[in-house]
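Hi,

Could you take a look at the structure below when you have a moment?

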Number of protein chains: 2
Amino acid sequence: MTEPLTRDELLAVELAELGQQLRVDAVRSSSAAGSGHPTSSMSAADLMAVLLTRHLRYDFADPRGPRNDHLIFSKGHASPLLYAMLKAAGAISDEELLSYRKSGSRLEGHPTPRLPWVDVATGSLGQGLPIAVGLAMAGRYLDHQPFRTWVLCGDSELAEGSMWEAFEQAAVSALDNLTAIIDVNRLGQRGPTRHGWDTGAYAQRLRAFGWHTIEIDGHDVTQIDAAYAEAAATVGRPAAVIARTKKGRGVAAVEDQEGKHGKPLPDPDEAIHELGGPRELQVHVPLPERAERPAPAEPAQPALPRYELADEVATRTAFGEALAALADVRPDVVILDGEVSDSTRTQAVAEQHPERFFEFYIAEQQMIAAAVGMQIRGWVPFAATFAAFLTRAYDFIRMAAVSRARLCLAGSHAGVAIGPDGPSQMGLEDLAMLRAVHGSTVLYPCDANQTASLTAAMADRQGISYLRTTRGSTPVIYGPDEDFPVGGSRVLESSGSDQVTIVAAGVTVPEALQAARRLAAQGIWARVIDLYTIKPADAPTLRAAARETGAILTVEDHWPEGGLGDAVLEALADDGGPLPVIRKLAVREMPGSATPAEQLAAAGIDADAITTAAAELAQAGRT
Amino acid sequence: MTEPLTRDELLAVELAELGQQLRVDAVRSSSAAGSGHPTSSMSAADLMAVLLTRHLRYDFADPRGPRNDHLIFSKGHASPLLYAMLKAAGAISDEELLSYRKSGSRLEGHPTPRLPWVDVATGSLGQGLPIAVGLAMAGRYLDHQPFRTWVLCGDSELAEGSMWEAFEQAAVSALDNLTAIIDVNRLGQRGPTRHGWDTGAYAQRLRAFGWHTIEIDGHDVTQIDAAYAEAAATVGRPAAVIARTKKGRGVAAVEDQEGKHGKPLPDPDEAIHELGGPRELQVHVPLPERAERPAPAEPAQPALPRYELADEVATRTAFGEALAALADVRPDVVILDGEVSDSTRTQAVAEQHPERFFEFYIAEQQMIAAAVGMQIRGWVPFAATFAAFLTRAYDFIRMAAVSRARLCLAGSHAGVAIGPDGPSQMGLEDLAMLRAVHGSTVLYPCDANQTASLTAAMADRQGISYLRTTRGSTPVIYGPDEDFPVGGSRVLESSGSDQVTIVAAGVTVPEALQAARRLAAQGIWARVIDLYTIKPADAPTLRAAARETGAILTVEDHWPEGGLGDAVLEALADDGGPLPVIRKLAVREMPGSATPAEQLAAAGIDADAITTAAAELAQAGRT
């Protein structure tokens, strides 16, 4: 005679059963797909079974509910596990589960927000936790909502520095609404991880960074349940559940073995049998408290700063002042800094709206990731640093596009025009980098009023917008009431008989205007276009100029590759007709230190160089 | 009657005097320049005075001496301090010191290897220590030389995740030949740092990562001296000297004050007076043991792998096999992995030459930084990961170009051609990113023999070379003895009456060839160019094609911006004459999961799409 199971024992059996179902479904979907990561899913199946059944507060019928918890799969390759959870929660059908990785399916190889229950795309390791930090900061400091953010991390990804930026930020921000679940399955892609099953190695590092740590057996559902409860009860600091697990758990052919990463199981039928066969458990995921969705903010027009014609103002200053004006009327605008707010000029906003200003110190990856996290909750993040240092976060920006995120980025100190600080501080590849982001908008204003207008426009733009600003002062050439639609350009000089077109943006616009005056004195008529939108470039205006003047000179404070010149070429090429004579002026040699004027001259992008090149082109266009 | 000073007391006075001289010279040079970072120099002056006089083993007359210690200013903005040290060591004159930040001076705003005593460019914070890890790894595991690597770090830069990648790697690699000197001056650019003067906060984190830590008063030369001795005597792990200092130390007008970052002192004469006036101390820097410079390796021809025509081989596989062959005959070739060696195929080399294979786990920034460090010592580093994940290290690649470093980078899994894994794993911006690196070489082979040839060529290339490889198999279309010079291209199809040119590379070459056959069946003659060198592109061949066929179609597995199409446009534009009709086929929509063939079709870059577009272009070119 056996004793009846206690209530807790019954629960443990049910949870273990759900874990097996998640494994079976991960095996099934990846086998149907012929690819995927079942073994990385199987190690975390018990961790997720307990979370889904007992701790996650989430209304699958209302994925944007303001009090829903958030769950981020930082180890995005464990997507079969996530999709198995969605099936268990009744969010997707078994048929859809088996569409995994097939053309047209929402169930991509790595999770993306094509699924309404996925906040962000993951799959580039080391990003989920930093994004979750942004979510948890939003919950604590912006939304003031009691949701919890859960992140499933791999052990391999703890090698990424971005994870340690996140651990540091989370602890300093006292994010006790954040729980990291670390699936220590000891095996990376090509072999053992650095620390193997030494969960203590991770725990000692995390504790030194200010986290509460809980080390458990990640296949013991009772330990898991208790660990989550302990994590949720931890006050004043974030908690990490560090779980020792086995990759491929439950199937002898793959369990804890090297060489089994990222491929379907060799004999799926046998594996499913070994796991106890398919199950059809449905989980009633705990619901969050009901809450009213906050009313969307009323659209309001900012009282943008106004600059007087012929004044000299740095565009970075105009950006900061316009952003402050925007933040005054847009309660959804938040500002993120990488310890350079005095240089990027977001300091003005920090003083006016400290509750919406977030300092990330010199951690650009965490800054961008937090912006991605905050926009999930409807905030409109402006993140600013030197244009050069945005290169530090390129993987995060790239992935933000996959996440369909809405980010406003600003890069200051663009180009050789910064002067004496030298090439390490010069953004000379930022236009190329940001143009090559799917669906991006790339703006490069030349004067203060234009900058103010474009800064305001960014807040209403979908996708990833980038504004490039200049360190030094440039003359105000536009009045404060002029309109600068995104995608437009301005023809600044034109006659009925232009022989050449000079296309400039930002710091080269004043140089181009000066060149045009000198050319006119030589009897050469030059059209000058201010291409303040680098992407999408104003193709009609450029094509008209090509047709009408027959020769195009582009001038940019950037390497020759991927910037303004390439944008112009692309716009002209897409026209379908023959192209005019085109020449690009750009920075071709490694700069050193010098004054801004010396730098522009040395790079061959100042008024002198433009005058000479445009005169040659006008001549060539005539012949 | 005062007692005479002891020998130690006398030494302390001399060291303190040198510290003051370094401060005075930092004040003088930045005042002469009108910009720079004197206050960040002054905090570390005593730390560097003791190092230069008592601990650094360095022959300034022979900066490439194999047993010289290395000194990296990770806080590169403290360049006035470095230059003051060079003057004190007799390496530069006072006149040159005062040329700081002026046009043409080697003394740039941030250090670069234009100075022979500077190994690498710094100025993007968080890079010096990871590079130093590479140097120390070379010393310990490759050179077997007893030099020590000293790194001066700022406290602000400890917020960068890359520093924690470096702390982790250094401890795991037991780099007791590496000493980090952390200048905790408590003030960042815009205000206090996260941890202020809490040196214990840094120490506890570093200890958790496996470092030996020594906390001192960074203005007490006796403590500094003892700390360096303790660091050098530490066995089995790296040591960090965590020094509490004052920014602007010694000048009341700026000492320990906010708002004094990155600008000359307000009253330099008064400051110099307060610091005790100029001094002309000359330091006899301790010399390293004499050592023979190792003889340069004899050039040897690798026995490259040979692939049979019409076989199907992935270019990533050919890369790995060619690299193994190269490593067999080139003892200077080293390989660096980001935990994907099974995917990038460098695993083959790992097995053959484990002593020259370095695993960095998933820490791409540290991987690239270590490559930069190793090449300082003459090694030829090949670093490989997925093309997509090189975006993680863009700032390091950008700075490596400023360092005039020689790197061989390989990015696998390029483009939508990877198939079902989805966009997070697809390199779709790598060509844009690598083209926009000064002096870079960008290679994109289409078949295995071409890949092998280009892999070997990279090892002899200066600057930063990038090889893009494909996940799936592609047909071998070239024989194993063909030559593929860097900067060249191949005309694969051509008749006397070509009506359109298709420019392809990598995975689109077989598609273009198939399209050409279909076009021929329709009576349309298409020239097909394999542009295996994206940068520098083969302008003469492209221009001849433009002239002779009048219409160019480019096809690439990459976003439309900055890649093959833009490279072709640039080459044609630079010709100075009118351009032909040009159209770019590229990936324009965000991909999902699908088979490789479905992906190419969906992106409109497969044989079908090429056929249609080329036929239209041929028509347009005729009209």
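Let me start with the cover over helix 4 of chain A: the elements lying over its buried residues include helix 1 (7–33), helix 2 (38–42), helix 3 (45–55), strand 1 (70–73), helix 5 (94–97) and strand 2 (149–154) of chain A. Cover here goes by contact, meaning heavy atoms within 4.5 Å, and helices (H or I, at least four residues) and strands (E, at least two) are DSSP runs numbered from the N terminus. Buried means under 20% relative accessible area, exposed over 50%, and partly exposed in between, with a 1.4 Å probe and protein chains only.

Some housekeeping: this is a predicted model, where local features need pLDDT of at least 70 and side-chain atom pairs count only at pLDDT 80 or more, while totals for chains, interfaces and linings use all residues. Residues are numbered from 1 along each chain as its sequence is written, chains are lettered from A and ligands numbered from 1 in the order in which they are written, and side-chain values use heavy atoms, with hydrogens and water left out.

Back to helix 4 (residues 79–88) of chain A: 10 of its 10 residues are buried, so the helix is largely enclosed by the rest of the structure. Among them are A:Leu81, A:Leu82, A:Tyr83 and A:Met85, and also A:Lys87. After the helix comes A:Gly90, with a positive phi near 80°.

Now the sheets. In chain A, seven strands make an open sheet in the order 8-7-9-10-12-11-17, with mixed pairing. Strand 8 (357–359) and strand 17 (533–535) of chain A are the edge strands, each pairing on one side only. From one strand to the next, the twist averages 20°. Two strands count as paired if DSSP finds at least two bridges between them. Strand 7 (residues 333–337) and strand 9 (residues 380–386) of chain A run parallel and are joined by five bridges; A:Asp337 has A:Ala384 of strand 9 as its bridge partner.

Chain A also has an open sheet of five strands, in the order 14-16-15-18-19, again with mixed pairing. Strand 14 (490–493) and strand 19 of chain A stand at the edges with a single partner strand each, so one side of each has no neighbour in the sheet. Neighbouring strands here are turned by 25° against each other on average, direction ignored. Strand 15 (residues 500–504) and strand 18 (residues 551–555) of chain A pair in the parallel sense over four bridges, and A:Ala504 stands opposite A:Val555 of strand 18. Helix 18 (residues 508–521) of chain A lies across strand 14, strand 15, strand 16 (526–530) and strand 18, at about 170° to strand 16. For such angles, axes are lines fitted to C-alpha atoms, for helices over the stretch in contact, and angles run from 0 to 180 degrees between N-to-C directions.

Where does its side chain reach? To the backbone oxygen of A:Pro560, at 2.7 Å. Leaving aside neighbours within four places in sequence, the contacts of A:Lys584 include A:Glu556, A:Asp566 and, from chain B, B:Glu570.

A few backbone spots to check:

- A cis peptide bond, omega about -5°, joins A:Lys535 and A:Pro536; A:Pro536 sits in the loop between strand 17 and helix 19 (539–549) of chain A.
- In chain B, a cis peptide bond joins B:Lys535 and B:Pro536, also with omega about -5°.
- A:His413 is not a glycine, yet has a positive phi of about 60°; this histidine is buried, with a relative accessible area of 4%.
- B:Asp256 has a positive phi near 55° and is partly exposed, at 22% relative accessible area.

Finally, how the copies relate. Chain A can be laid on chain B with an RMSD of 0.0 Å, by a turn of 180° and a shift of 0.0 Å along the axis. The two copies are thus related as by a two-fold rotation axis. Superposition is by least squares on the C-alpha atoms of residues with pLDDT of at least 70 in both. Of the residues of chain A, A:Gly161 comes closest to the rotation axis, at 1.8 Å (C-alpha). The same surface serves both copies, as 100% of the contact residues of chain A recur in chain B.

Cheers

Notes. Polar contact = N/O pair within 3.5 Å; in protein donor to acceptor, adjacent residues only side chain to side chain.
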